[in-house]
Amino acid sequence: MNLLTRLTQIPLEELRDFDREMFLAAGLSPARVGELALVHSAYFGHGASKQTTAAAHEARLTVDLLAQIERSIGHVKRKGERDGYRFRLIQAAVDKASTCAALARYAKTIVPQKPKTRTKSARFIAPVNGIGGVIIMGDEHVMADLEAYTRTGINPDLPAGPQMAEAFEKLMRSGEGVPAAAPRPLILVPAPHLSTIIHGHGDDIILGLTDGTTMTGAEFVNNYLCNEEYGLEAALFHPTEGPVNHYRERRLASAKQRVLAKATQPICTNPDCRMPADHCEIHHVEPWRYGGETNMNNLAVLCSYHNRVNDDDPDKHQRGRVAIQRGRPIWVSPTGYARSNKRHPYGAMESLYPELIHA
Ligand SMILES: [Zn+2]
């Protein structure tokens with residue numbers, strides 16, 4: 001019997017007399033013993049469902065697949081529901097999801113995810129080599145202000161973390177505190193409505209502002225177009241082309257282009273990244289050195305890390321690249337699969353034209 005056969009063909013029945021201490025004492029890793037304990041408890045523990053245990057025996061799944069099922073349903077509180085999902089996942093492992101990764105992905109589509117909750121807290125960590133630590137959970141706006149403050153003026157060619165820690169230490173001792181961010185709201189104007197509004201028929205057209213308020217097209221004309229002191233900035237977004245171009249034949253994006261790019265994509269375009277657009281760089285989708293222009297339909301928000309690892313060379317397929325689809329930036333994997341960053345779904349294109357984005 002070779003190693004693969006020995007590892008994959010452990011009959012479930014042999015786990016009946018599983019004893020955690022004995023397995024640990026025999027030199028198995030705590031992680032491995034933990035997985036065996038999960039499976040043992042599910043099928044031989046108190047209250048194990050006869051029907052599900054019979055299905056598991058018949059399915060002859062590896063212990064690793066059975067452990068994956070337990071990890072995917074462990075947060076489901078009610079026993080009856082958990083038994084139901086366990087039964088369905090055993091069937092799925094037999095029919096369509098025969099690897100742990102595929103089974104975990106499938107489980108996410110049927111088992112409701114644990115709701116994420118968080119409360120305010122602070123936890124201090126014992127120092128090592130003179131370096132202590134603290135983890136603070138606080139109001140998101142306060143945290144955003146702190147991040148903005150500690151990132152201000154850092155050298156982009158050096159790692160951000162140590163520089164932010166230095167800035168935080170100085171802030172602690174200066175007693176000055178962190179000023180609240182004062183974002184200038186942007187009025188989002190759908191391009192097809194603009195001529196109606198400008199011609200004086202905008203009473204019924206509602207425009208959204210990026211501070212969460214609204215105004216009518218008529219108010220927009222009276223208060224903004226006719227009054228430069230109002231302090232608001234208007235941004236035009238076309239339904240399929242995105243932010244309207246302000247052609248500039250130069251390499252660096254203008255201040256207005258940077259604002260529009262951030263309004264289009266309020267956090268880094270990479271789907272696995274949380275970096276707010278305010279701390280990101282403006283990336284040329286078609287690189288400047290390959291002839292890409294500094295136009296809105298060629299600009300995207302990317303953090304400095306994801307900007308650096310982007311496959312700029314069209315012949316390279318290693319880390320994925322940013323593309324523009326339906327007027328908004330999107331990340332495309334090395335194999336050509338497009339994914340948007342769903343962590344902040346309030347970009348201008350989603351807000352103005354949700355029916356087109358999700359069509
Ligand atoms: Zn990023």
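The mean pLDDT of the protein, a predicted model, is 85, and 91% of its residues reach 70 or more, where pLDDT is the predictor's confidence in each residue, from 0 to 100. Local features need pLDDT of at least 70, side-chain atom pairs count only at pLDDT 80 or more, and totals for chains, interfaces and linings use all residues. Residues are numbered from 1 along each chain as its sequence is written, and side-chain values use heavy atoms, with hydrogens and water left out.

Helix α4 (residues 50–59) contains the buried residues T52, T53, A55 and A56, buried meaning under 20% relative accessible area, exposed over 50% and partly exposed in between (1.4 Å probe, protein chains only). Seen down the axis of α4, these residues fall within an arc of 160°, so they line one face of the helix; the arc is that of the directions from the helix axis to the C-beta atoms. The face turned away from this buried side carries the exposed residues K50, Q51 and E58. Cover for the buried residues of α4 includes α3 (30–44), α5 (63–73) and α6 (79–95). R60, which follows α4, has a positive phi near 55°.

S121 is found in strand β1 (residues 121–128) and, at 37% relative accessibility, counts as partly exposed. Not counting residues up to four places away in sequence, S121 touches I135, I136 and M137, contact meaning heavy atoms within 4.5 Å.

Notes: Helices (H or I, at least four residues) and strands (E, at least two) are DSSP runs, numbered from the N terminus.
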